[in-house]
Amino acid sequence: MKSICVFCGSKSGNDEQYQRSAIELGRLMAQRNISLVYGGGSVGLMGIIADAVLESGGRVVGVIPRQLATKELLHPGATEMHVVEDMHSRKAKMSECSDAFIAMPGGYGTLEELFEVVSWVQLGIYSKPVGLLNTSGFYDPLLNMVEHCIETEFIKPKYRDLIIADESPSALIDHLQRHELPVIEKILDLEEI
């Protein structure tokens with residue numbers, strides 16, 4: 001695994017553990033020679049993880065839409081920065097540059113990015129592992145919702161493992177590196193989804 005795309009908030013959140021986990025994940029990625037691919041910002045958890053990777057000698061690849069690429073948002077120290085036309089281009093470029101995905105705590109944008117990649121893995125468009133850095137149980141409600149979707153038969157039980165979660169950055173990366181995705185059949189019939 002050479003690169004991980006990290007989805008995370010442009011805010012830092014109200015729990016200092018979110019920030020500590022971002023620093024720990026960033027340092028760990030640099031130590032393991034795993035490039036960070038992310039949204040290109042210098043604020044919130046995005047800025048914190050990018051700074052941690054850079055301060056530890058790692059490589060940071062930012063991808064930011066032109067309308068957000070202002071001096072206040074664009075990270076000036078990124079190893080490589082791609083300024084793209086829109087959010088769709090941003091997600092496509094981030095996915096293209098990554099071997100796996102991790103969602104840290106964040107808001108609507110983080111959740112949207114997470115669910116898009118999970119959906120695309122389920123459809124067989126990507127064959128890359130997806131993890132949640134479940135800092136302070138941030139993603140417990142979401143994981144409970146996934147279980148509810150399985151119980152109510154909107155998600156097949158075998159797709160439970162499309163998302164792996166851990167509170168420890170080290171354990172999560174280890175799990176991503178050895179994770180085997182469930183077999184994704186080619187969809188011939190809508191009943192097979």
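These notebook entries record what I looked up on the sheet and the salt bridges of a predicted model.

**Conventions.** I number residues from 1 along each chain as its sequence is written, and side-chain values use heavy atoms, with hydrogens and water left out. Local features need pLDDT of at least 70 and side-chain atom pairs count only at pLDDT 80 or more, while totals for chains, interfaces and linings use all residues.

**Sheet.** I looked up the strand order and found seven strands in an open, parallel sheet, E4-E3-E2-E1-E5-E6-E7. Strands are DSSP runs of E with at least two residues, helices runs of H or I with at least four, numbered from the N terminus; two strands pair if DSSP finds at least two bridges between them. Strands E4 (80-84) and E7 (163-166) are at the edges with a single partner strand each, so one side of each lacks a neighbour in the sheet. I then checked E6 (residues 130-133), which pairs with E7 in the parallel sense over four bridges; Leu132 stands opposite Ala165 in E7.

**Salt bridges.** I found eight salt bridges, each a side-chain nitrogen of Lys or Arg within 4 Å of a carboxyl oxygen of Asp or Glu. One of them joins Asp174 to Arg32, with the closest N and O atoms 2.7 Å apart. Asp174 lies in helix H6 (residues 169-178) and Arg32 in the loop between H1 (16-31) and E2 (35-38), 142 residues apart.

Lys91 and Glu116 form another, at 2.9 Å between the closest N and O atoms. Lys91 lies in helix H3 (residues 87-96) and Glu116 in helix H4, so this pair ties together parts 25 residues apart in sequence.
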